[in-house]
Each structure stands twice: as C-alpha cells, then as structure tokens.
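Hello,

Here is the structure I promised to pass on to you. Have a look at it first, and then read on for what turned up.

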Amino acid sequence: FFFSSRRRHTRSSLVSWARRCVQETAFGYSGQLPQIIKLSGMRYFLTQKMCWSRFNKFPHTSFNWKGIDGTKILTHFPPADTYCGNGDVEQVLRSQTNFKDKGRTNCSLYLYGEGDGGGGPLAKMIEKLHIMRDVDGIPKVVMGSTAVSYTHLRAHETR
C-alpha cells in the first residue's frame with residue numbers, strides 16, 4: 001500500500017516521478033521488495049540499516065538485488081554507516097575505508113543532515129563538504145543528487 005499510494009501522491013504533486021526507494025528504518029527485507037519497487041515504477045533502492053549488523057557484514061556496497069521472482073534493482077548501502085553524517089573528514093574517510101566495491105565503481109553516497117530523520121543539512125555541513133571537493137589525501141566529494149549517483153553506478157553496472 002505504501003508504494004502505490006506514495007506513487008499516486010508523487011505523480012500528482014511533483015513534476016518528475018520518484019525513481020528511488022529509500023528505506024531508512026527496517027528490521028529485515030522481504031525477497032519480494034525488488035519486484036514491489038520495480039512495479040511501483042522505481043529503479044533504485046537505498047538503505048543504511050544493513051551496515052549495522054555486528055554479526056553479518058554484507059559483502060557489497062552497491063549491487064543488483066535479485067528478488068525471488070528474478071527482478072533486479074540497483075541497490076546501494078552508503079559506506080559511511082550513518083544517515084546523519086556531519087560532514088567531518090573522519091566520516092568521509094570512513095566511507096572510503098568501508099567502501100566494498102573498489103574496482104567495480106568509484107562512487108558511493110554519503111548521507112548527511114541534522115538529526116535522525118529530522119532537520120536536514122546545515123550550512124556548516126555543506127561548507128565542510130564543499131571544501132573537500134578536491135583536497136589531496138581524501139576522497140573527492142561531489143555534491144549532487146542521488147539521481148546523478150545512481151546514473152554513475154548504473155554506468156559502471158555492478159555484478
């Protein structure tokens with residue numbers, strides 16, 4: 001229900017349709033989710049929760065999730081292990097260290113903003129990340145949308 005009602009709302013109130021499914025809080029994912037996402041007209045899935053298991057470390061950052069019916073959805077787990085990043089160099093470096101798909105792509109998302117699902121990015125966060133766009137010794141930071149990131153990931157299709 002969430003996907004179909006959300007899709008109708010998005011279609012009626014926005015110029016472009018949503019292409020990304022973002023699931024911030026969940027305690028397990030159904031093998032049917034890729035099919036549901038695709039049937040809802042979305043192409044991509046993003047979540048942070050899979051990174052937080054102390055016992056089962058997921059082997060990829062970006063991959064094509066194949067559902068039980070064979071449907072594939074390009075999926076990304078941002079490697080900084082947070083969806084409330086503060087824009088500090090340490091978190092950007094952790095993102096690079098935790099990135100599991102080096103050699104297949106050089107792109108990952110870094111989620112930042114104040115609070116747990118709350119206030120959004122602060123000016124000081126944006127300023128710190130803007131400064132990091134081209135500094136020797138740290139990953140290149142490019143400010144942009146998830147759409148641009150997923151286009152880059154799709155161009156370097158994950159196996």
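Two strands count as paired if DSSP finds at least two bridges between them. Please keep in mind that this is a predicted model.

Let's begin with strand E4, which spans residues 72-76. Strand E2 (residues 44-47) is joined to E4 by three bridges, and the two run parallel. Within that pairing, Leu46 sits opposite His76 of E4. Strand E3 (residues 62-66) is linked to E4 as well, through five bridges, but here the strands run antiparallel. In this case Asn64 stands opposite Leu74 of E4. E3 and E4 form a hairpin with five residues between the strands, and Gly70 in that hairpin has a positive phi near 95 degrees.

How much of E4 is buried? Four of its five residues are, so the strand is largely enclosed by the rest of the structure.

Now to the loop that lies between E4 and helix H3 (89-98), where you will find Thr82. Is Thr82 buried or exposed? Its relative accessibility is 15%, and because buried means under 20%, Thr82 counts as buried. As for its surroundings, Thr82 touches Gln48, Trp52, Gln91 and Leu111, leaving aside residues up to four places away in sequence.

Best wishes

Note on methods
Residues numbered from 1 in each chain as written. Predicted model: local features only at pLDDT ≥ 70, side-chain atom pairs only at ≥ 80, totals over all residues. Heavy atoms only, no water. Buried < 20%, exposed > 50% of the residue type's maximum accessible area, 1.4 Å probe, protein only. Contact = heavy atoms within 4.5 Å.
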